[in-house]
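I opened this notebook to record what I looked up in the structure. The entries follow the order in which I consulted it.

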Amino acid sequence: MSDKKQQKVQEFEYKAEMKQLLNLIVHSLYTHPEIFLRELISNASDALNKIHFDQLTENKAEGEGEELKITITLDEKERTFIIEDNGTGMSEDELIANLGTVAKSGTLGFLQALKEQQPDKSGIDANLIGQFGVGFYSVFMVTDEVTVETKTEDSQGCRWCSSGEGTYTIETIDREKRGTKISFTLKEDAKEFAEAFRVENIIRKYSNFVDFPIYLDNKKVNSITALWQRPKSDLKEEEVNEFYKFISVDYQEPLDYLHLSLEGVVNFKALLFLPKEAPMDMLYQQGALENHGPQLYVRKVMIQHECKDLLPEYLRFVKGVVETEDLPLNVSREVVQNSPVMAKIRQILTTKIIGWFESLAQDHKEKFRQFYKAFGPVVKIGLNTDFTNRDKLIELLRFESTTTEEGEFVTLREYVDRMVEDQKEIYYLSGDNRQQMLSNPNLEYFRKKGIEVLLLVDPVDVFVIPSINEYDKKPLKSIEKADIDFKAGEDEEKEALSKNMIEPVLKIFKEALGDKVEDVIESHRLVNSPVTLVSGKDAMDPQIEKMLRMMKQSEASGKKVLEINPSHAVIKNLAGLCMLNENDPIIRTTMNQLYEGALLLEGNLERTAEFVSRMNDIIEAATKQAKA
Ligand SMILES: Nc1ncnc2c1ncn2[C@@H]1O[C@H](COP(=O)(O)OP(=O)(O)OP(=O)(O)O)[C@@H](O)[C@H]1O
């Protein structure tokens, strides 16, 4: 090799994260190797789209120059595969930036977590790869070495070569045409991808809706149709589903779709979809929705792949396409963002989408349930951010309650319609799970009186529900607050300790617990339990408090009020003991144990060892008495 040539070929090392990522892709992603083709076509289509856009904004007449297209050439005998586009191409710097590093931060973490989650740890479903911005590397599932030759309008051509094992090389080449050519020899076990019939089927399956023609050995194989342009009655469910899979890179069919064609103050067409499940990044990454949104087309040209300005954040899980004639093509993203046309489209889309949810709730209950399970927590955020639609969003809320079965829901409307006589408030209890909540002593009064209590299990609820304040003029109240007006029935009064018997118990309770509690008072809400903890009138919801502590936002837990049940045998026994000898140590031990037992039920007992040791003391005392 001459010196000159050696200078030209430069070897680069992949960034550390990239190495691990490649390893993971090559060795773990084998469930659908065919998706490498979808990824390469999708990249080519993006590059063509950029050129198309540039041509139009620079006011070059459409069709000027050569046709924008993707060509695929196969050689079954040699097992070679070549895909070429005349899109933007890449300069040397862009090659290094795009094919040598991972674009999205956290990608490796996502994929590793995903792999761990596979029941048999066998591999990640390659269908998911497009969600992670590492599509190009899926090519290493079918080949051991890839060559990329590329050139932008005004840079020198470059050749990038890699076997996906730690390093890649770049050299400058003489290439005249703008665009990118990717070529490789297929591995023996991937030779099917050199067969035209097989490749054509894959293109139809994944890439039928690409906006540019795809030629396979000189024959055009995709149908370029803008489905959203067609009248709703013309759409076939099958092609709509396929289109959804294409734009969302989801392997499942959509839960439902909405076709819109609006003419008026603004004109636009849209085809929108609800996925069946929340996308991966939404589960793993806080604020993931911020960068999502439907695709925006202006006069048949895709302007933005993820146009977040089309929807408020709490609706950005809706996928699809919006096309309008009312925006100019040659304006910057900032102008699009601030344009009144955009604001109007966003407003109309929001109303239409909420209307869509309402009609699902009304007419397709199962679909609505599935939607609410996947996206309910996100939609709830809208209650605190979208005041125009707040009332409609409130009607969409669903809750489990003490009356519903597990997994069944009640709306606020239904709750209010079946409130018992004289009930003036809507009651709720928040907690980690239904079973734990159902064993909360604070529910006893409500059970006895037949009053329904909403069970808030979604962690978002405690931030959202109290802010509703009231529904249909009925205030929403946590049953853990101390200021609920409980009326004691006659039976309860008969059984309860008299005032002079309860007073000493309260006094010693206060002494024994000291500043662990805000107060100790007589309870009217308890039926079967001796004590319960409730929040003071001005205290935070206990769930919020717990969350803040977990997030280390708040150190101290707010003090609670301990309520004691004057009808309960344990409290009556304590009253008797207090009369005999108020210094008997078992009294204070029992009181501390009752308090910590209440903490335990709430899921807030931290010092379990002390609790158990005290429990043993009490058992010892009880068994001694039994012997005597
Ligand atoms: N044919 C091509 N023409 C021009 N640039 C390309 C081409 N193929 C890849 N690139 C560049 O390489 C980058 C990395 O591609 P890769 O498929 O790994 O991720 P991505 O396309 O950004 O994400 P995703 O796969 O989610 O679409 C692309 O963003 C693009 O900038």
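Predicted model: local features only at pLDDT ≥ 70, side-chain atom pairs only at ≥ 80, totals over all residues.

Entry 1. Residues are numbered from 1 along each chain as its sequence is written. Helices (H or I, at least four residues) and strands (E, at least two) are DSSP runs, numbered from the N terminus.

Entry 2. I then looked up the strands around this pair. Strand 21 and strand 22 (residues 560-564) run antiparallel and are joined by 5 bridges; two strands count as paired if DSSP finds at least two bridges between them. They belong to an open sheet of 3 strands, in the order 20-22-21 and with mixed pairing. Strand 20 (517-522) and strand 21 (531-535) are at the edges with a single partner strand each, so one side of each has no neighbour in the sheet. Direction ignored, neighbouring strands are turned by 25° against each other on average. For such angles, axes are lines fitted to C-alpha atoms, for helices over the stretch in contact, and values run from 0 to 180 degrees between N-to-C directions.

Entry 3. Which strands does helix 18 touch? Helix 18 (residues 499-513) packs on this sheet against strand 20 and strand 22, and its direction makes about 165° with that of strand 20. Contact requires C-beta atoms, placed from the backbone, within 7 Å. Helix 21 also packs on the sheet, touching strand 21 and strand 22, at about 60° to strand 21.

Entry 4. Among the buried residues of helix 21 are I587, M591, L594 and A598. I call a residue buried if 20 or more other C-beta atoms lie within 10 Å of its own, exposed if 12 or fewer, and partly exposed in between, with C-beta atoms placed from the backbone. G603 follows helix 21 and has a positive phi, near 80°.

Entry 5. I consulted the domain division: domain 1 (10-220), domain 2 (227-374) and domain 3 (496-535 + 557-628). These bounds come from an automatic or database domain assignment. The C-alpha centres of domain 2 and domain 3 are 58 Å apart.

Entry 6. I turned to another open sheet, which has 5 strands in the order 10-11-14-12-13 and mixed pairing. Its edge strands, strand 10 (256-262) and strand 13 (301-304), pair on one side only. The twist averages 20° from one strand to the next. Strand 14 (residues 319-324) runs parallel to strand 12 (residues 295-298), with 4 bridges, and Q295 stands opposite V321. Strand 11 pairs with strand 14 in the antiparallel sense over 6 bridges, and F268 has T324 as its bridge partner.

Entry 7. Why is strand 14 described as largely enclosed? I found 6 of its 6 residues buried, so the rest of the structure largely encloses strand 14. K319, V321 and E323 are buried on one side, and G320, V322 and T324 on the other. Helix 10 (residues 340-363) lies across strand 10, strand 11 (268-274) and strand 14, at about 140° to strand 10.

Entry 8. Lastly I looked up F246, which is in helix 7 (residues 237-248). F246 is partly exposed, because 18 other C-beta atoms lie within 10 Å. Not counting residues up to four places away in sequence, F246 touches Y206, N208 and F209.

Technical notes:
Contact = placed C-beta atoms within 7 Å.
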